[in-house]
Amino acid sequence: MDLPSAETLKRWSPPVATIVYDAKDRPFGDVAIQRRYYVPLNEIPVHVRQAFISAEDRNFYKHIGIDFVAIGRAMLANIKHGGIKQGASTITQQLARNLFLTPDRSIKRKIKEAILAIKIERHFTKDQILEMYLNYIYLGQGAYGVEAASRIYFGKSVKDLTIDEAAILAGLPKAPTRYNPFRNPEKVKERRNYVLARMYEDGYIKEEEYNRLIEKPIKVKLENREYGMDYFLDYLKGYLIDKYGEVILAGGYKVYTTVDKDLQEHAKRVLKRGIERVAKANGIPFLPEDPYELEKKYKEQKIEEKAGKVYIGKVLKVSNRNLLIELKEKEYEVDNPGLRVEVGDYVLVRFYQERKSKSLSLEVLPDLNGALVSLEVKTGAIKAMVGGYSYLRSPYNRAVYAKRQPGSAIKPIIYLAALMKGYTQASIIDASPRSFYDPSTGKDWTPKNYEGAEYGPINLRTALAKSVNTATVNLLADIGFDTPIEIGRLLDIELKPYYSMALGSIEVTPLELTSAFQAFANLGMKCKPYFIRKIVAPDGSILEENSPKCEQVLPPQETRVLVDMLRAVVTEGTGVAARSLQRIVAGKTGTTNDFMDAWFVGFSPDIVAGVWVGFDIKRTMGKGMSGAKVALPIWIDYMSVASYMYPDSYFPIPEGVVLVNCPNPMLFVSGTEGICTGNANPTEEDELEGIVDPKFLKREEGPKVKEIP
């Protein structure tokens, strides 16, 4: 019989999770093939060992690897039921099976298992076998070994487990899914009490203690249901596998990242809260986030085939064009709108009446979703990354992979190009509607303003602050395509030579657009986004180390004037709600046709964040659901914490930029301020709206302002 040697166990090293640390060197999570933290037996409490022995192998310290008494009992039970209904595997047999054999329930495999168990017992002490078992066994929820399970289910180390908590873990090897503590407290309590009864029978606990413990409620860390289910950790895991292979996930490496643990959790909360607010305001139905609650609601719903009724459907089959949906016991074939779903997923469905045939049909409703990504202005370090409403519902990372139209959030590139061609923020542009030939459609195209607003001559500052479409497209017509396209290239954004590009007809990811705004905030110094500071191997050597990679790609003078204009978006334009932060911030809203995409990307002198909200497919969120109403409140919520993690400061003013009243304080590239000749220089009494700290103004120096340290 071909069997592996038990000697190989002496060289055995179990896969150990790679630990991930945040920007402050705090444990943030882990990435692993098997989530495991190996602990020696002397660090596992005696009552934890006793719980597993009572539950799985009460004669562990007496048998030779197989338990003949238990085998006899199991054989009688199996003969009675006419098949293999009860096992008698010892802890040693379970270890042999998990390490060397397949999980099938054949007689041949059981014989191999028994022989291997005896061999293992000859080569190792009982304590060594128990240590290997307790560190190897799968206990559900992605946890291998008692330490990983303790952290996930109870939020503590195995050394801190109580007796009743130990009994919960000891009840899991039999059926980790059925007795998952996050799923069914009643079943878990029943199984826990069974283990406690065995511990009482084996003399490990006294009767009084047993009676007290079986009455205790099941208490677990429900918030840990998403342990390890994080968009950033997933993104990091993909990077590590692509660069180093899966071996790095099983060797106990340490990865030190740039993400701030507190900001990441805060970003998750504010994005979820904001999306729920939008959904509620527009009557958009939502699936429960908890998969167990979702399954329960699906089974309990009563179906009435009536137009307008919304239910939870189960996906039975997926193709590019169609989905096969089950509603209770009935199946429906429906069009696939392009959702990222798999067999077994739950989706929202709605009955509707077709116009022509008047017959009743079923359609799939998409989930409202979003993304938030945040970078440090001076370094490009990623501080937070949330790729959707819920990782449990959809692990697709929209922050880095979803290509969406940015709408008006792309306009700063057009205005920067104009500044670089000699325009100022006080320059006047005619905002009357004009028609342009659009080569992408082969037709003439006339831009329109939000809610049909009409404008005449308007200065560039107001045109950007108020997000006037007609003014922006007319400005693009005046300056040409070359400079905006070149700026886009420098910012890693591909622009097309179409007039509609001025209104965001191209597609970008939230990370790409936010990275572009990082360059604006950093006065033209673009820093490549990065998320790993260093990777340390188990032997202490450095596998990889990164630092900021920044390059001056845009002229600081014109870029600083653009920041002044983006500041006006907050002080007097579409982003005025951000004034509630009481911090020096700037940014730009973005909304696409039919309110399909809503954006706000903005920054303080130290941190930049971008927020996108919409459906995964092209579908309106509802009339009026603009970037200012949908994305900006989420951004404000996030920045109410993020911006306060840095000292309050002003954007620096580089040499070659002057500040004059025109008629209010505005910044100009030196030499272009002649448009405002005759206006007084700004003083400390002027309302500076955060352009510059008044203490740096010196009236006798005239309009030039020194660089702020």
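**Cavity, pocket and salt bridges**

Me: By class, what residues does the lining of the second largest cavity have?
Reply: Four nonpolar, three polar and three charged residues. Note that this is a predicted model.

Me: What volume does the second largest cavity have?
Reply: About 40 Å³. The search of the whole structure finds three cavities of 30 Å³ or more.

Me: Which residues line the second largest cavity?
Reply: The lining is made by Arg583, Ile584, Ser604, Pro605, Asp606, Ser643, Tyr646, Pro647, Asp648 and Ser649. Tyr646 is also among the residues that Lys383 touches.

Me: Where is Lys383, then?
Reply: Lys383 sits in strand β10, residues 382–386. Lys383 is buried but has no salt bridge.

Me: What is the nearest side chain of opposite charge to Lys383?
Reply: Glu376, 4.3 Å away.

Me: Switching to the second largest pocket. What volume does it have?
Reply: About 1,100 Å³. Of its 41 lining residues, Lys448, Asn469, Thr591, Thr592 and Asn593 are the closest to the centre. The lining divides into ten nonpolar, 19 polar and twelve charged residues. Both β19 (586–591) and α20 (627–642) supply at least two of the lining residues.

Me: How many salt bridges does the search of the whole structure find?
Reply: 34. One of them joins the side chains of Asp164 and Lys216, at 3.3 Å from N to O. That pair links distant parts of the chain, 52 residues apart: Asp164 is in helix α7 and Lys216 in the loop between α9 and α10.

Me: Is Asp164 buried or exposed?
Reply: Buried, at 6% relative accessibility, whereas Lys216 is partly exposed at 29%.

Me: What forms a salt bridge with Lys243?
Reply: Glu544, with the closest N and O atoms 3.1 Å apart. Glu544 is in strand β17 and Lys243 in helix α10, 301 residues apart. Glu544 is buried at 7% relative accessible area, and Lys243 is partly exposed at 46%.

Terms used. Residues numbered from 1 in each chain as written. Predicted model: local features only at pLDDT ≥ 70, side-chain atom pairs only at ≥ 80, totals over all residues. Heavy atoms only, no water. 1 Å grid on protein atoms, 1.4 Å probe; cavity = no way out; pocket = protein on both sides within 12 Å on 5 of 7 lines; lining within 4 Å. Points joined across faces, edges and corners; volume = space filled by probe spheres on them. Helix = DSSP H or I, 4+ residues; strand = E, 2+ residues; numbered from the N terminus. Nonpolar A, V, L, I, M, F, W, Y, C, P; charged D, E, K, R; others polar. Buried < 20%, exposed > 50% of the residue type's maximum accessible area, 1.4 Å probe, protein only. Lys, Arg positive; Asp, Glu negative; His and termini not counted. Salt bridge = Lys/Arg side-chain N within 4 Å of Asp/Glu carboxyl O. Contact = heavy atoms within 4.5 Å. Lists of a residue's contacts leave out its neighbours within four places in sequence.
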